[in-house]
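Here is a model to read together with the terms used to describe it.

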Amino acid sequence: MRVSLSLPSTAAWLAMLAFAAGVGVWGAILFAPSPLPPPPAVVGGGALRTDTASVARWFGTGAGARIQVTVAGLIAAGPRGSAVLAIDGRPPRAYAVGSTLADGVTLAEVRGGGIVLDQGGERVEVAAAKLPPAEGIRIVK
């Protein structure tokens, strides 16, 4: 028995082989099981937020309590000034003069070098951090 290899029959066999391979690959891709969701411990990316205001009031540290304020930016424009502040380690937010930062704490004034807070009738000054001069910029006098 002799097998004759002709160009049309070889091309037909190669075309059927390529078609079968394509059907197999796409069948494996389309009918593959979907990946499992990550475990719950991996899903939550942020820190757990808790409200401790009621406990603070219970121990007598409510309205007049001290808060930790970090000055991230200033716009000193008199009574219309504003400041970017990080309060108690939270992400920085913009506050206008007169805004309430916490119970009994308001932003009283914005100055060129810091802010003034009104904490339960007491005025407290918080200085802004001094940044080093930018590299490549010289101060000419």
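The turns below take the labels one by one.

Q: How do you know what kind of model this is?
A: The model is predicted, and its local features are described where pLDDT is at least 70.

Q: What makes up the secondary structure, and in what order?
A: The protein has three helices and seven strands. From the N terminus the order is α-α-α-β-β-β-β-β-β-β.

Q: Why are strand 1 and strand 2 called paired?
A: Pairing requires at least two DSSP bridges between two strands. Six bridges join strand 1 to strand 2, so the pair meets the criterion. The two strands run antiparallel, and Thr-70 stands opposite Ala-86 in strand 2. Their hairpin has six residues between the strands, and Gly-78 there takes a positive phi near 65°.

Q: How do you know that strand 2 also pairs with strand 3?
A: The cut-off is at least two bridges. Four bridges join strand 2 to strand 3 (residues 93-96), and therefore these strands count as a pair. They are antiparallel, with Val-84 opposite Ala-94 in strand 3. Five residues lie between the strands of this hairpin, and Asp-88 in the turn has a positive phi of about 55°.

Q: What makes strand 6 and strand 7 a pair?
A: Six bridges join strand 6 to strand 7 (residues 122-127), in antiparallel fashion. Since the criterion is at least two bridges, they pair. Val-116 has Glu-125 in strand 7 as its bridge partner. The hairpin has two residues between its strands, and Gly-120 in the turn shows a positive phi of about 60°.

Q: Why is the set containing Leu-85 and Ile-115 called a nonpolar core?
A: The term covers buried residues of listed types, Leu and Ile among them, joined through side-chain atoms within 4.5 Å. The largest such core has 15 residues, of which Leu-85, Leu-101, Leu-107, Ile-115 and Leu-117 touch the most other members. The elements giving two or more residues to this core are strand 1 (69-75), strand 2 (82-87), strand 5 (105-110) and strand 6 (114-119). In soluble globular proteins, nonpolar side chains tend to be buried together.

Q: What does Leu-117 touch beyond four places away in sequence?
A: Contact needs heavy atoms within 4.5 Å. Leu-117 touches Val-69, Leu-101, Val-105, Thr-106, Leu-107, Ala-108, Glu-122, Arg-123, Val-124 and Val-126.

Q: How many of the residues count as buried, as a percentage?
A: Buried means under 20% relative accessible area. Of the 141 residues, 14% count as buried. The protein exposes about 11,400 Å², with carbon and sulfur atoms supplying 64% of it.

Methods
Residues are numbered from 1 along each chain as its sequence is written. This is a predicted model: local features need pLDDT of at least 70, side-chain atom pairs count only at pLDDT 80 or more; totals for chains, interfaces and linings use all residues. Side-chain values use heavy atoms; hydrogens and water are left out. Buried means under 20% relative accessible area, exposed over 50%, partly exposed in between (1.4 Å probe, protein chains only). Accessible areas come from the Shrake-Rupley method with a 1.4 Å probe; for residues, only the protein chains shown count as cover.
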